[in-house]
Amino acid sequence: MRTVVIANQKGGSGKSTTAAALAQAAAHKGRRVLAIDIDPQGNLSFFLGADTNRAGSFEMLEGEPATIQHMAGGLDVIAASWNLQTISSGRGSARRLRTALEPIAAQYNLIVIDTPPTAGELQYNALMAASDLIIPLQADIVGLQGLYQMVDTARQIQQSNPALKLTGIILTRHGSRSTLARQMTETIRTKAQEMGIPFLMAIREAVALREAQTLQRSLYEYAPNSNPAADYLQLLDKLEQ
Ligand SMILES: Nc1ncnc2c1ncn2[C@@H]1O[C@H](COP(=O)(O)OP(=O)(O)O)[C@@H](O)[C@H]1O
Ligand SMILES: [Mg+2]
């Protein structure tokens with residue numbers, strides 16, 4: 001059982017897309033998978049077609065019962081809601097998600113957690129509950145800065161959650177045609193190795209992925225032969241090694 005957190009303190013880096021596609025890839029392969037959305041924006045919940053009016057991750061963090069929504073295609077979801085913004089913090093509060101997951105984790109092969117684009121209570125809860133951190137970013141200079149911040153945060157959390165591995169970096173919305181993108185990819189590869197993160201892969205860009213998201217369809221049902229569908233299956237393979 002792996003609990004994978006998708007995090008980066010920068011918005012628009014492909015976190016929610018990656019969380020959704022990875023969960024869909026796992027469900028497509030017949031794995032028992034739970035997707036948890038702890039971003040008040042609720043993009044992952046939307047992509048997976050979950051109802052954000054049901055008791056979800058907010059209630060879970062408050063120690064109250066949360067609804068696990070069973071979606072078509074064998075995917076379970078705990079949805080986000082706007083009131084996640086109001087979540088309290090305090091001594092020991094970063095362990096709430098970890099504690100809430102303990103009784104249900106054994107039912108799943110994979111748990112995927114999507115996070116908001118800021119360091120703080122919600123992101124810390126996800127990192128404290130996780131075994132693997134995947135950092136998605138775009139191969140540009142802003143992406144590289146975000147990577148440094150995220151790795152710093154993860155190293156601090158590792159002092160309290162030593163099971164957390166910095167599993168890999170994925171370059172999202174990747175187009176290999178421009179020289180700049182190629183150079184940035186090599187720079188990020190080198191920096192990642194220096195930081196002890198050996199795994200880096202690219203997810204190719206495709207309009208079909210955005211269409212699937214808009215229609216709230218699984219990528220593996222809507223565009224199974226698309227480049228990102230193949231790339232996210234490869235990410236799943238890597239996680240299961
Ligand atoms: N491989 C891809 N191909 C095409 N569009 C993508 C791809 N990955 C991400 N996107 C788009 O990039 C935007 C930002 O992605 P998102 O997952 O919402 O980022 P974040 O959750 O980090 O804010 C979205 O509009 C999403 O549809
Ligand atoms: Mg998001």
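Which strand holds Arg 173? The legends below describe a predicted model.

**View 1. Arg 173 sits in strand E7.** Strand E7 spans residues 165-174. Phi of Arg 173 is near 50 degrees, a positive value in a residue other than glycine. Most residues other than glycine have a negative phi. The relative accessible area of Arg 173 is 45%, so the residue counts as partly exposed.

**View 2. Gln 216 lies in the loop between helix H8 and helix H9.** Helix H8 covers 207-214, and helix H9 covers 219-222. Gln 216 also has a positive phi, near 55 degrees. Gln 216 is partly exposed, at 36% relative accessibility.

**View 3. Ligand 1 has 15 residues around it.** Those that come nearest are Gly 12, Lys 15, Thr 17, Arg 210 and Gln 213. A polar side-chain atom of Gln 213 is 2.7 Å from an oxygen atom of the ligand. For Lys 15, a side-chain N or O atom lies 2.9 Å from a ligand oxygen. Gly 14 uses its backbone: an N or O atom there is 3.0 Å from an oxygen atom of ligand 1. Alone, ligand 1 exposes 560 Å², and the protein buries 85% of that.

**View 4. The largest nonpolar core has 45 residues.** Leu 101, Leu 133, Leu 147 and Ile 188 have the most contacts inside this core. Helix H6 (residues 141-158) supplies the largest share, 6 residues. Beyond its neighbours within four places in sequence, Leu 101 is in contact with Leu 34, Ile 36, Met 60, Ile 111 and Ala 129.

**View 5. A second, separate core has 36 residues.** Among them are Val 4, Leu 48, Ile 203 and Leu 239.

How values were computed: Residues are numbered from 1 along each chain as its sequence is written. Chains are lettered from A and ligands numbered from 1 in the order in which they are written. This is a predicted model: local features need pLDDT of at least 70, side-chain atom pairs count only at pLDDT 80 or more; totals for chains, interfaces and linings use all residues. Side-chain values use heavy atoms; hydrogens and water are left out. A nonpolar core is a set of buried Ala, Val, Leu, Ile, Met, Phe, Trp, Tyr and Cys residues joined through side-chain atoms within 4.5 Å. Buried means under 20% relative accessible area, exposed over 50%, partly exposed in between (1.4 Å probe, protein chains only). Helices (H or I, at least four residues) and strands (E, at least two) are DSSP runs, numbered from the N terminus. Contact means heavy atoms within 4.5 Å. A residue is near a molecule or strand if one of its heavy atoms lies within 4 Å of it. A polar contact is a pair of N or O atoms within 3.5 Å; within protein, one must be able to donate a hydrogen and the other to accept it, and residues adjacent in sequence count only if both atoms are side-chain atoms. Accessible areas come from the Shrake-Rupley method with a 1.4 Å probe; for residues, only the protein chains shown count as cover.
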